Amino acid sequence: MPTVTNTPDPENTLTPTPEPSATATASPTSTPVPDEWLTPAPHVTNIEQAPYAESECSDRFPCNEDAAAWEARIRVPEGFTAEYLAYIPNADYPDRAAQLTSLTFGPDGLLYVATAHSGIYTVDQDGQVELYYRDVIVPTGLAFQPGTDRLYVSNRVEDLNVNGEAQISVIVDGQMDTLIDGLPCCYVGMHGPNGIAFGPDGYGYVGIGGRADHGEVLDGSNTPDEMQPLEAIILRFSPDGSEMEPYAWGFRNPYDIAWDADGNLWATDNGRDGEVPDELHLVQPGGQHGYPYFDCPACFGIPDDIEVIEPTYEFQPHAVATGITTYLDNKFSGYYNSLFITLWTAMDFAERVVRYTPDGQISTFATGFAAPLDVTTGPDGAIYVADYATGIIFKISYTG
């Protein structure tokens with residue numbers, strides 16, 4: 001396992017992050033953004049969830065393969081179009097849908113799609129689906145290193161509630177190799193290493209969840225557990241995996257991360273069990289963002305010497321904020337540098353994609369999904385949404 005460098009106690013501030021000695025491939029330099037890109041489009045406030053309708057497959061939704069019915073169900077702002085792009089069946093049970101967990105575009109223009117139990121697939125612009133890599137356990141994060149064909153994957157090794165293990169792997173020329181192993185996993189089958197994003201410095205970043213709900217030993221005693229160095233953090237790593245370090249602390253389950261145009265890192269985070277909001281965080285390097293320092297009857301309190309950074313935005317309890325992407329194209333006029341976030345849970349206030357603007361406003365962008373888990377921006381300027389429950393990938397374009 002690579003050496004962990006610069007791992008101070010969580011209450012200490014990480015002063016400027018040192019450059020790992022391994023060579024990184026920096027992201028391409030961005031060109032100046034025209035002023036008209038920066039004029040925000042108004043928020044649309046009249047997008048409502050479509051009424052649930054029974055089909056022969058469900059009491060709430062169309063059948064998974066009924067493209068016309070799904071396109072009629074999805075609601076988007078005027079001028080936008082939601083297209084049913086592809087359906088991915090479960091490789092082991094073809095009569096069921098694959099559970100889609102992560103999306104990213106490759107240098108070849110193909111959409112790469114991770115599934116919980118069926119491997120990783122590619123999807124082209126005609127919706128043609130092909131298996132890319134099969135032998136991987138619950139991949140939940142995908143990202144290509146900029147300027148290369150190296151696909152980084154967060155996946156599990158031992159999918160166990162207690163003493164689970166996960167890793168970061170790299171796929172090159174059809175071969176998967178372990179980059180970083182021994183990562184904590186997998187409280188209630190969810191927490192672990194999730195979304196991966198390469199930063200403007202060329203290094204990789206991945207969100208890793210805590211091993212419990214609020215830092216407790218999972219034996220029913222509700223006693224404090226000893227924190228592991230690599231749990232509940234955003235981890236920064238060199239592309240070859242030779243060095244790594246915590247970038248920020250205190251994330252219960254940061255499902256996805258994204259960099260904005262100003263070089264800021266954003267993370268979604270799932271709140272504690274119970275009636276607790278989910279969160280959106282502007283990640284502060286070296287900061288402590290919460291876990292396990294919670295103030296609740298079952299929790300262990302916040303030590304006097306710990307300064308907890310409050311979330312930037314709180315979603316409704318049980319919304320389950322998951323995927324996040326920053327819009328850095330000009331196809332959606334007025335949306336530049338907005339965040340698109342999926343709310344995964346199957347409740348009528350979720351099942352949607354929301355938009356968060358640079359000035360802190362939030363509104364619904366698309367509704368009608370069953371359980372949208374991830375979202376990404378394509379090279380064509382459209383956004384793509386992966387629905388965990390149905391195996392469907394939706395494409396949302398501006399058509400005027």
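Strand β19 pairs with β20 (residues 339-343) in the antiparallel sense, through 4 bridges. Here strands are DSSP runs of E with at least two residues, numbered from the N terminus, and two of them pair if DSSP finds at least two bridges between them. Within this pairing, Thr-325 sits opposite Phe-340 of β20.

Both strands belong to an open sheet of 4 strands, in the order β19-β20-β21-β22 with antiparallel pairing. β19 (321-326) and β22 (362-367) are at the edges with a single partner strand each, so one side of each has no neighbour in the sheet. From one strand to the next, the twist averages 25°, taken between lines fitted to C-alpha atoms, with angles from 0 to 180 degrees between N-to-C directions.

Residues are numbered from 1 along each chain as its sequence is written, and side-chain values use heavy atoms, leaving out hydrogens and water.

The protein chain has a mean pLDDT (the predictor's confidence in each residue, from 0 to 100) of 91, with 92% of its residues at 70 or more. Residues 1-22 are another matter: pLDDT stays under 50 there, and the model has 56 contacts for them beyond four places in sequence, a contact being heavy atoms within 4.5 Å. Where pLDDT is low, the predicted coordinates should not be read in detail.

Notes
This is a predicted model: local features need pLDDT of at least 70, side-chain atom pairs count only at pLDDT 80 or more; totals for chains, interfaces and linings use all residues.
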